[in-house]
Amino acid sequence: MAKRQFKAESKRLLELMINSIYTNKEIFLRELLSNASDAIDKIYYVALTDENIRFNQEDYYIKITVDKDNRILKIADTGIGMTKDELSDNLGIIAKSGSLDFKKDNQAKDGYDIIGQFGVGFYSAFMVSDKVTVVSKALGSEEAYRWESEGAEGYSIEPCEKEGVGTEISLQIKQDTEDDHYEDFLNIHRLRSLVKKYSDFIRYPIKMDIPSRKLKEGSEDDFEEIIVEETVNSMVPIWRKNKSELKPEDYENFYAEKHYGFDKPLKYIHVAADGAVNYRSILFIPEKTPYDFYTKEYEKGLALYANGILIMEKCPDLLPDYFSFVKGMVDSEDLSLNISREMLQHSRQLKLIAKNIKNKVKSELLSLLKDDRDKYERFYASFGRQLKFGIYSEYGLNRDELQELLMFYSSSERKMTTLDEYVSRMKEDQKYIYYASGESNEKIDRLPQIELVADKGYEILYFTEEVDEFAIRVLMNFKEKEFKSVSDSDLGLEADEGKKEEESKAEQAKDMLMAMKEILGEKVADVRLSKRLKSHPVCLSSEGAVSIEMEKVLRSMPVENGIAYRRTVRGRPVGIQQRHLQIDELKW
Ligand code: ADP
């Protein structure tokens, strides 16, 4: 039988995984049970929405069995199954392309970051097994197929016999080593406690044959060994439990099981709402930025359940773009199971839920900011950029919603500060909220433009991300204080300092200034004398809607985007902004 190769990248990932020093090998069970549960979700949904298919409740379950002598652990489900093509497509490719590049960039040290981040759940089976066999029969199919692999070398697929629809995964458990006690995964009691630990909330029964003893009939002290089939999990989904019954670990497990992130969530929010619309929701704010977060590939959304039944894995309408980092699920009894995507978008209930969720996330972020500054700053480091995009997009529609959540590095505090904090520290005579743009805090520290403002004792916000200045231009002001770039030709400082004298000096220097301007040509709009410089001879300043930093960003963008921005920067096309060369009046 011909061996099929894994896709090249998958092969490398698989090798990494198999040889990973990842210690928490037991999570393979959670991964396989989670897949089994998903597969039952799918068939359950079909059975509920397709009149030609009917199942009984008892038909949905997962069964774990152990064959100690042959070192086989088997996990069987009565889920939707996989066709031959699906076996090959789903189990032949591990990760999305590009994920290895990501790994290099992010200095992941072992397999840990890969698991979950790329949905390689199934492959975690290779951490504990020498050989993995998957026998599956898909719903609506007569044939069953066996997929088999001993690891990175490849896999085979061949037809086989299987009675009902569903999937059986058999793991040939590795021999024990000095460090690893793989034998544990053949121990019924150990397995049972792992199911309890990681998969208690799966809503279908996870059954195990538990050896037990029973009094022999007619005897009072003679026992016989019997096997009792037991449902090991509680089967109540976590979101249906009372918050008081749940521990942080329960939420963290749920987060990991659902592959919401490979980190520990920074915060979880459990909502049980009864009112205009009834729903339950568990929301997570991740700690780390997902590798594809700031790319087009990233899909926002929450899992949507109608009365406990999954109807959509990622419903985008539940989250505004600026909160696209939120992960989690919503379950509502007010939604119809048969609702189509188009109808869903217009559902009044869904809109209400989305609005509640948005408000909830906002208020949780604000309380994090107030009560746990350190956590908020970690959140902000990962997702602050998205909030700033949120202010900038949709013509500033959401600026009021988001402005309190902003933070920037402060020249005087030497740490992150909110706009509210800045304003509360403003000097009596200070008119503006000053900011300076640059590549990094260190570079901004050395900008000639900041000297005068800093000398006045005014605080300056450092803008180091491209979106910063764009967002601030849309914001325009905060608590009625306008923003002012330190590169602006009018800083609002010089006005009262001897206008007359300045004019006469400029008059004297006129010829030289003209000559300089001629030499510089198109590069600047004007050359002026300046009072703002202290230790530097010259600097650039700008006037109008597009600053020098913004222009750099606009120039570096692909054309289509450039045009989009052009439209929104107060209607000013790029490149005609007023740029001035400021010459220190004492040094010329
Ligand atoms: P993920 O679950 O994150 O998609 P996996 O590698 O664990 O990644 O699984 C890949 C795919 O294989 C799943 O998305 C699913 O389509 C399919 N699959 C895995 N296990 C099963 C199963 N027990 N029954 C049906 N399909 C499965």
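Which residues in helix 9 meet which residues in helix 14? The model is predicted: local features need pLDDT of at least 70, side-chain atom pairs count only at pLDDT 80 or more, and totals for chains, interfaces and linings use all residues. Residues are numbered from 1 along each chain as its sequence is written, and side-chain values use heavy atoms, with hydrogens and water left out.

**View 1. Helix 9 against helix 14 (residues 466–475).** Arg385, Lys388, Phe389, Ile391 and Tyr392 of helix 9 meet Val467, Asp468, Phe470, Ala471, Val474 and Leu475 of helix 14 (contact: heavy atoms within 4.5 Å). These residues divide into eight nonpolar, no polar and three charged (nonpolar: Ala, Val, Leu, Ile, Met, Phe, Trp, Tyr, Cys and Pro; charged: Asp, Glu, Lys and Arg; polar: the others, Gly among them). The axes lie 8 Å apart at an angle of about 40 degrees (axes are lines fitted to C-alpha atoms, for helices over the stretch in contact; angles run from 0 to 180 degrees between N-to-C directions).

**View 2. Helix 8 (residues 348–371) against helix 9 (residues 373–392).** Their axes come within 6 Å and cross at roughly 125 degrees. Leu365, Leu368, Leu369 and Asp371 of helix 8 make the contact with Arg373, Lys375, Tyr376 and Phe379 of helix 9. Five of the contact residues are nonpolar, none polar and three charged.

Key:
Helices (H or I, at least four residues) and strands (E, at least two) are DSSP runs, numbered from the N terminus.
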